Each structure stands twice: as structure tokens, then as C-alpha cells.
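Please report on the charge pairs, the surface and the helices of this model.

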Amino acid sequence: MIEEIIALLGGRVAEELTLDDISTGASNDLDRATKIAKAMVTRFGMSEKLGARTFGDANNEVFIGRDYGHTADYSEDTAAQIDDEIKAIVDSCHEKCRDLLSGNLDKLNAVANLLLEREKIEADEFEIVFNGGTVPPRKPKAKVHEEPKVQMVNGRMIIPAEIKPDNTSKANAETALEDTKDTKDTKDTKDTKDTENTKKV
């Protein structure tokens with residue numbers, strides 16, 4: 001759990017080391033780190049100062065009317081000690097995180113520059129940067145090539161410019177045209193027969 005808190009504090013510490021100011025971007029990470037530290041003290045008995053016991057209700061949900069007038073199962077002095085222990089854990093993790101990033105500031109800057117360039121990086125790219133290597137340029141995604149097709153529009157054959165006027169293309173175009181003519185002739189013949197049958201009736 002200590003390692004998790006250290007990792008969560010990485011964003012804030014990175015801002016402290018590289019920027020003149022800090023932003024609100026790490027607020028969610030700080031909230032999660034604080035909750036983990038609080039759970040270590042109040043739920044898991046991981047405080048040497050307070051001993052192996054729990055404090056408060058593990059169910060932190062608030063219901064209307066339930067918590068009004070609720071009395072904690074520990075004194076105000078103990079509450080102050082809990083706050084001190086939580087702060088001590090977070091501060092200790094903050095210092096460890098600062099030492100780690102300070103000792104690898106060149107890698108931190110390299111990763112930041114790569115993120116500025118690519119917005120997202122893959123795990124293998126991160127490992128290359130972390131080990132001091134140079135990340136190769138990404139290969140462009142292959143485009144799906146679609147073969148141009150001969151189209152018939154209002155009985156006219158439209159041949160795309162991409163199709164070379166070789167014998168094969170001509171044969172394909174002529175076949176497509178013949179198929180269209182056959183379909184049209186068949187339809188005209190059927191319409192004529194239907195008309196004649198109607199007249200006889």
C-alpha cells in the first residue's frame with residue numbers, strides 16, 4: 001500500500017520538480033492517496049503509534065439522519081493522533097517519491113517530451129526511454145486499398161481513371177455493359193408481354 005501511495009503522488013511531485021507552480025491535475029490522486037493512508041491507520045491497524053485496532057465505522061456511506069448526533073468510538077485526542085499518523089504516512093511517501101524522481105529526472109523529462117510528441121505512449125516505448133534508449137519512429141498505419149470498379153449510371157458505363165485501358169479492363173467493362181443490356185432487354189420483354197396479356201383480357 002505504501003508503494004501505491006508513492007505512485008499516486010508521482011504526478012504532484014513531478015510538477016514540483018519541473019514547474020514553478022502546481023496545478024489541480026493531481027487532486028484525484030491526492031484524494032486516493034489520503035484515503036489509502038487513512039484506511040491503513042483506521043481499518044488495518046498499520047500504525048505503530050496507535051496499535052493494531054480499528055477506529056470508526058468501516059461503512060463510510062452517509063444516510064440522512066443517521067450521522068447527526070453520532071458519537072465516535074474514540075476521543076478527540078485519538079482523532080488528532082489519527083490525523084497525525086495519516087499525515088506522517090503521506091509525507092513519508094512524498095519524500096520517497098521525490099527522491100525517486102529526483103534521481104531519475106532525465107528519464108522523467110524524456111518521457112514527458114515523448115508524451116508531448118505522441119500524446120500516448122506504449123509500454124514498450126516507456127521501457128525504452130526508461131532504459132536510456134531512443135524510441136524509433138512509429139510506422140504509419142497501412143491504408144486499406146480498394147480496387148476501383150466499373151459502374152453503370154443510367155445505362156452509361158463509368159470507368160474510373162485508375163483502371164488502365166488494357167485488354168482485361170476492356171473485357172471486364174464490356175462484360176458489365178452486356179450484363180446491363182441483357183437485364184434491360186429482359187425487363188423490356190417482360191413489360192411488353194404483361195401489356196399484351198392485359199389487352200387480351
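## Salt bridges

The side chains of Lys35 and Asp31 meet in a salt bridge, with 3.4 Å from N to O. A salt bridge here is a side-chain nitrogen of Lys or Arg within 4 Å of a carboxyl oxygen of Asp or Glu. Lys35 and Asp31 are 4 residues apart in helix 3, so about one helical turn separates them. An α-helix has 3.6 residues a turn, so residues three or four places apart point the same way. Lys35 is exposed, at 54% relative accessible area. Asp31 is partly exposed, at 36%. The cut-offs are under 20% relative accessible area for buried and over 50% for exposed, with partly exposed in between (1.4 Å probe, protein chains only).

The structure holds 7 salt bridges. Another of them joins Arg98 to Glu16, with the closest N and O atoms 3.0 Å apart. This pair links distant parts of the chain: Arg98 sits in helix 4 and Glu16 in helix 2 (residues 10-18), 82 residues apart. Both are partly exposed, Arg98 at 29% relative accessibility and Glu16 at 28%.

## Basis of the model

This is a predicted model: local features need pLDDT of at least 70, side-chain atom pairs count only at pLDDT 80 or more, and totals for chains, interfaces and linings use all residues. Residues are numbered from 1 along each chain as its sequence is written, and side-chain values use heavy atoms, leaving out hydrogens and water.

Helix 5 covers residues 105-118. Helices (H or I, at least four residues) and strands (E, at least two) are DSSP runs, numbered from the N terminus. The 14 residues of helix 5 should span 20 Å at 1.5 Å a residue, and the end C-alpha atoms are 20 Å apart, which agrees. The expected span is 1.5 Å times one less than the number of residues. The buried residues of helix 5 are Val111, Leu114 and Arg118. Seen down the axis, they fall within an arc of 65°, so they line one face of the helix. That arc is taken from the directions from the helix axis to the C-beta atoms. Asp106 and Leu116 are exposed on the other side. The cover over the buried residues includes helix 6 (123-130).

Glu117 forms a salt bridge with Arg118, with the closest N and O atoms 3.8 Å apart. Glu117 is exposed, at 60% relative accessible area. Arg118 counts as buried, at 15%. Salt bridges with shared partners join Glu117, Arg118 and Glu125 into one network. Just after helix 5, Glu119 takes a positive phi of about 70°.

## A nonpolar surface patch

Which residues form a nonpolar patch on the surface? They are Met1, Phe44 and Met46, with about 280 Å² of accessible area together. Patch residues have over 30% relative accessible area and no salt bridge; like charges are joined within 9 Å, nonpolar side chains (Val, Leu, Ile, Met, Phe, Trp, Tyr) within 5 Å. Areas come from the Shrake-Rupley method with a 1.4 Å probe; for residues, only the protein chains shown count as cover.

Phe44 lies in the loop between helix 3 and helix 4. Met46 is in the loop between helix 3 (27-42) and helix 4 (76-103). Phe44 is partly exposed at 40%, and Met46 is partly exposed at 45%. Not counting residues up to four places away in sequence, Phe44 touches Met1 and Ala39. Contact means heavy atoms within 4.5 Å.

## Overall fold

The protein has 7 helices and 2 strands. Along the sequence they follow the pattern α-α-α-α-α-α-β-β-α. Of its 201 residues, 19% count as buried.
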